[in-house]
Amino acid sequence: MASVLVLNGPNLGRLGSREPDVYGSQDLVALEALLVADAAGRAEIDLRQTNDEAELISWLYEAVDTSTPVILNPAAFTHYSYALRDAAALVTKAGVALVEVHISNPHARESFRHTSVISGVATGVIAGLGFGSYRLALRSILDL
Ligand code: DQA
């Protein structure tokens, strides 16, 4: 079965207890269950989280090497990691889909969140819909 990598950056391992007013009260286990149900056997959901930029970059190399589509929530790396941007560009330049997602709407928050260095190399961007951002990203990847 085809896989979809669902990659989550720093502090997203604390979903559920982290700023629930911004990110909701559900954790990554709940997100994985939602996506597995949505995939309905059409794809295997491989959900991962790391606080480590190097590890996230190595997972993007893995996506390139295995042609596995990616749903990426780069979290705070979104706003400043050119290293992650360059790795994301490797994915999309290889013809593999990479959809950038955010739980909150960064444009409605502090000004430093208004810049994404990832969006310019992503296949698409979905933000502000809670876990719905991931669900729509999965739907678009399954439809591609
Ligand atoms: C986030 C938004 C980022 O600005 C923030 O640093 C995160 C989460 C989101 O999903 O809304 O950690 O990517």
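1. Let's start with what lines the largest pocket: six nonpolar, five polar and three charged residues. Here Ala, Val, Leu, Ile, Met, Phe, Trp, Tyr, Cys and Pro count as nonpolar, Asp, Glu, Lys and Arg as charged, and the others, Gly among them, as polar. A pocket is an open set of points on a 1 Å grid over the protein atoms alone, where a 1.4 Å probe fits, with protein on both sides within 12 Å along at least five of seven lines; lining residues have an atom within 4 Å of a point.

2. A quick word on the source: this is a predicted model, where local features need pLDDT of at least 70, side-chain atom pairs count only at pLDDT 80 or more, and totals for chains, interfaces and linings use all residues. Residues are numbered from 1 along each chain as its sequence is written, and side-chain values use heavy atoms, leaving out hydrogens and water.

3. Which residues lie nearest the centre of the largest pocket? Tyr 23, Ala 75, Ala 76, Arg 109 and Arg 113 do, out of a lining of 14 residues.

4. And what takes up the space of the largest pocket? The ligand does (a molecule sits in a pocket if more than half of its atoms lie within 2 Å of its grid points).

5. Oxygen atoms of the ligand lie 2.7 Å from a polar side-chain atom of His 79, 2.7 Å from a backbone N or O atom of Ile 103, and 2.9 Å from a side-chain N or O atom of Arg 113.

Technical notes:
A polar contact is a pair of N or O atoms within 3.5 Å; within protein, one must be able to donate a hydrogen and the other to accept it, and residues adjacent in sequence count only if both atoms are side-chain atoms.
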